[in-house]
Amino acid sequence: MSDSDDDDSSTNSSGDVLQSVAVEGLELVVELERDAVDQLNLIDPSGELFAQQTIESGVSKTAIEIGTDYPVGEYELIGLADEETVETTSITLEPDLELTELRLARNYPEEMYEGARDSSTEAEAILTVTNRGTGPTAATALRFEGDVPFPSHESYDEAGESGIHDPESDFGADAESIALPAGETVLIYSNTRPFSPAGTRSKCDSVGRDGQFIVRLSTTHAIDLTLDYVIHYLGTAPDDCEIEIEELS
């Protein structure tokens with residue numbers, strides 16, 4: 001699930017031929033003068049050809065796939081006609097991520113993915129991630145460290161498991177990655193039951209009222225982001241324990 005932030009994608013207004021170059025989602029969208037060029041070359045920051053696209057007659061708008069795994073930096077877009085350069089422009093591709101909020105799914109069942117089981121809603125978390133940068137990226141791992149009922153086990157790292165729910169899977173599998181497009185806010189769902197009621201009672205006894213934990217998100221561009229939280233274990237009855245979380249200021 002994602003929501004567009006219209007003012008967060010990167011747009012370059014260019015010359016008479018390459019009239020507009022904008023990052024939209026996972027693509028570079030180019031508006032150009034009709035029949036002025038027959039080819040576009042996108043050159044990466046190291047000077048290597050990143051993508052090449054033929055422009056058919058009559059085309060005034062096209063899109064070049066960027067994906068989520070590309071070199072960060074300044075790119076040069078070259079418009080050519082008969083292999084001669086007609087016009088060039090530059091654009092910077094660089095993600096800028098913010099972990100906006102972590103919520104217990106049990107408190108926001110309406111925000112869970114379609115088809116979520118009650119047991120998953122009770123145990124999982126919802127992380128809101130915003131990409132305010134000029135380039136897309138992807139989330140590759142979600143970890144919970146510290147005084148949560150079930151911290152992420154090191155076996156997840158050893159097995160290369162993401163710990164992120166795959167919205168395309170009908171079997172509750174881990175996603176390989178979740179795209180974080182430029183200019184969008186995305187909800188990421190845990191898939192490791194970090195707040196399972198089964199582990200809450202023992203933590204209530206061992207941690208006491210207040211503990212601390214870290215939520216950590218890793219991405220394809222080697223960006224590790226963390227948020228620090230306080231977790232309150234509230235014993236409401238001899239055999240019952242409830243939890244509340246709040247961001248550590």
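**Cores, pockets and a disulfide in a predicted model**

Leu99 is buried, with a relative accessibility of 8% (buried means under 20% relative accessible area, exposed over 50%, and partly exposed in between, with a 1.4 Å probe and protein chains only). The model is predicted: local features need pLDDT of at least 70, side-chain atom pairs count only at pLDDT 80 or more, and totals for chains, interfaces and linings use all residues. Residues are numbered from 1 along each chain as its sequence is written, and side-chain values use heavy atoms, with hydrogens and water left out.

Leu99 lies in strand S10 (helices, H or I with at least four residues, and strands, E with at least two, are DSSP runs numbered from the N terminus). Neighbours within four places in sequence are left aside in the contact lists that follow. Leu99 is in contact with Leu127, Thr128, Val129, Val215, Leu217, Leu225, Thr226 and Leu227 (contact means heavy atoms within 4.5 Å). Phe150 is 51 residues from Leu99 along the chain, and the two C-alpha atoms are separated by 21 Å.

Val129 is found in strand S11. Val129 is buried, at 1% relative accessible area. Beyond four places in sequence, Val129 touches Leu97, Glu98, Leu99, Thr100, Leu180, Glu184, Thr185, Val186, Ile188 and Leu217. Asn191 is 62 residues from Val129 in sequence, and the C-alpha atoms are 16 Å apart in space.

The largest nonpolar core has 30 residues. A nonpolar core is a set of buried Ala, Val, Leu, Ile, Met, Phe, Trp, Tyr and Cys residues joined through side-chain atoms within 4.5 Å. Leu102, Leu127, Phe144, Ile188, Phe195 and Phe213 touch the most other members. At least two residues each come from S10, S11 (125-131), S12 (137-146), S13 (178-180), S14 (184-189), S15 (210-219), S16 (224-237) and S17. Strand S16 gives the largest share of this core, five residues. Leu127, leaving aside its neighbours within four places in sequence, is in contact with Leu99, Glu101, Leu102, Leu142, Val186, Leu187, Ile188, Val215 and Leu217. Another core lies apart from this one and has 21 residues, among them Val17, Leu18, Val21 and Ile91. In soluble globular proteins, nonpolar side chains tend to be buried together.

Pockets were searched for on a 1 Å grid over the protein atoms alone. A pocket is an open set of points with protein on both sides within 12 Å along at least five of seven lines, whereas a cavity is a set of points where a 1.4 Å probe fits but cannot get out. Lining residues have an atom within 4 Å of a point. Grid points are joined across faces, edges and corners, and a volume is the space filled by probe spheres set on the points.

The largest pocket has a volume of about 380 Å³. Its lining holds 18 residues, and the closest to the pocket centre are Tyr113, Gly115, Arg117, His165 and Gly172. Four lining residues are nonpolar, eight are polar and six are charged (Ala, Val, Leu, Ile, Met, Phe, Trp, Tyr, Cys and Pro count as nonpolar, Asp, Glu, Lys and Arg as charged, and the others, Gly among them, as polar).

The second largest pocket has a volume of about 180 Å³. It is lined by 13 residues, with Glu101, Leu102, Arg103, Tyr108 and Ile245 nearest its centre. Strands S10 (97-104) and S17 (240-247) are the elements that give two or more residues to this lining. The lining divides into six nonpolar, two polar and five charged residues. Arg103 lies in strand S10 and is buried, at 11% relative accessibility. Beyond four places in sequence, Arg103 is in contact with Tyr108, Glu111, Ala125, Ile126, Thr128 and Leu187.

The structure holds one disulfide (a pair of cysteine sulfur atoms within 2.5 Å). Cys204 is joined to Cys241, with an S to S distance of 2.4 Å. The link of Cys204 and Cys241 is right-handed, with 85 degrees about the S-S bond. Cys204 lies in helix H3 (residues 197-206) and Cys241 in strand S17, so the pair ties together parts that are 37 residues apart in sequence. Cys204 is buried at 11% relative accessibility, and Cys241 is buried at 12%.

Most residues other than glycine have a negative phi. Asp82 has a positive phi near 55 degrees. Glu83 has a positive phi of about 70 degrees. Asp82 lies in the loop between strand S8 (73-81) and strand S9 (84-93), and Glu83 lies in the loop between S8 and S9. Asp82 is exposed at 67% relative accessible area, and Glu83 is exposed at 72%.
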